[in-house]
Amino acid sequence: MVDKKYCMSSYMAFRYIEDDNKDFYEGFKHGNIKPIPDDQRILVRSAEDIDFEIKKQMERFKDKRKGIMLSGGMDSAIVASYLTGSDAYTFRFLGGDFQKEELTRAEYYAKYYGLNLHYVDITWDTVENHLEAVMKAKCAPVHSIEPQILQAALQAKSDGVEMMFVGESSDLVFGGMDGLLAKDWTFDEFMERYIFTKPEAVLAEPVSVQYLFERYRQGEGIDFLKFMDDIFSIESSSSYFNAFGVAGMPYYDPYARLKMGGLNLERIRHGEPKYLIRELMAKKYPDIPIPDKVPMPRPVDEYFRTWKGPTRVEFRKDIEMSGFTGNQRWQMYCLEKFLDINEK
């Protein structure tokens with residue numbers, strides 16, 4: 001059914017349209033990726049288990065020309081260690097001046113394991129050129145990483161890569177979402193913490209999204225681990241699924257096939273997020289310090305530094321833009337562009 005007001009609120013709150021039965025427009029059907037079921041995932045309890053299982057998965061692709069989206073973080077660096085001789089694609093923004101340390105680490109990883117490193121240069125023009133394609137394919141506004149993933153996928157495809165690898169699921173599987181795992185939340189605290197942009201703060205006619213949190217309520221608390229497994233996994237993986245789909249490029253995430261046995265929340269809460277991944281990283285790259293976790297780079301703060309905000313009637317007229325992050329401004333911009341494109 002068409003429910004534009006709900007879809008706008010869901011996108012602002014969760015960065016995707018959670019209800020499969022509701023869409024922005026007639027004949028414009030969105031679809032959410034389905035995570036790999038638990039009974040099809042491989043249980044791992046140690047860094048050695050992870051190493052063994054990823055290596056075994058890689059055997060399936062030994063006859064294909066392979067590529068990897070290589071950042072400066074641990075997750076893709078570990079996957080790169082199984083791909084000697086393959087092609088690596090690293091984002092470079094603003095002529096290389098944005099997050100230089102991230103770029104330097106990616107260059108180190110590629111050299112360490114003998115990968116052919118390619119830069120994927122991203123400017124605001126790149127984003128604008130690919131935005132409509134990923135939105136139309138998703139039938140919804142998108143995450144800010146999707147246009148740049150599409151650019152990387154198209155570049156790899158033109159180079160003859162047959163299978164791209166990513167390390168996207170590691171944070172969720174191995175306890176990398178340490179901010180969300182920091183405590184046992186009350187229901188209201190978690191809802192306040194998780195929502196990306198409050199619909200009521202930016203939309204003229206917001207729709208409550210509390211229904212989704214209510215599914216996981218436990219008295220005054222909430223089963224936040226299951227919420228993240230169910231909800232965040234869809235939101236994060238859908239961006240890759242959509243962008244690679246538009247490019248017609250197959251991709252594979254070896255972490256998505258794994259399941260961690262016995263996640264130790266106390267270790268995470270005392271400064272050891274992704275402790276098994278950190279242990280494996282130290283074995284793969286013994287000569288360098290383990291890097292801090294950083295999200296996929298994208299200079300949204302710079303892109304939207306002087307943006308005045310949305311002007312369509314669906315948005316509030318009194319939005320104070322200084323109170324929103326670059327990522328939140330992206331959501332407003334992207335939703336407005338999506339509505340403009342589809343209501344020409």
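These legends describe close-up views of a predicted model. Local features need pLDDT of at least 70, side-chain atom pairs count only at pLDDT 80 or more, and totals for chains, interfaces and linings use all residues. Residues are numbered from 1 along each chain as its sequence is written, and side-chain values use heavy atoms, with hydrogens and water left out.

**View A. Helix H5 crosses helix H11.**
H5 spans residues 124-138 and H11 spans residues 224-247. Helices are DSSP runs of H or I, at least four residues, numbered from the N terminus. The two pack at an angle of about 110°, with axes 9 Å apart. Axes are lines fitted to C-alpha atoms over the stretch in contact, and angles run from 0 to 180 degrees between N-to-C directions. H5 and H11 are therefore roughly perpendicular (65 to 115 degrees).

**View B. Residues of H5 meet residues of H11.**
Contact means heavy atoms within 4.5 Å. From H5 come Ala133, Val134, Ala137 and Lys138. They meet Ser238, Ser239, Asn242, Ala243 and Val246 of H11. The residues of this contact divide into 5 nonpolar, 3 polar and 1 charged.

**View C. Serine 236 sits in helix H11.**
Serine 236 counts as buried because its relative accessibility is 11% (buried means under 20% relative accessible area, with a 1.4 Å probe and protein chains only). A polar atom of its side chain lies 3.5 Å from the backbone oxygen of serine 233.

**View D. Helix H1 is mostly covered.**
Arginine 15 follows H1, with a positive phi near 70°.

Conventions. Angles under 35 degrees count as roughly parallel, over 145 as roughly antiparallel, 65 to 115 as roughly perpendicular and the rest as oblique. A crossing is left-handed if the near helix is turned anticlockwise from the far one by less than a right angle, and right-handed if clockwise. Ala, Val, Leu, Ile, Met, Phe, Trp, Tyr, Cys and Pro count as nonpolar, Asp, Glu, Lys and Arg as charged, and the others, Gly among them, as polar. Buried means under 20% relative accessible area, exposed over 50%, partly exposed in between (1.4 Å probe, protein chains only). A polar contact is a pair of N or O atoms within 3.5 Å; within protein, one must be able to donate a hydrogen and the other to accept it, and residues adjacent in sequence count only if both atoms are side-chain atoms.
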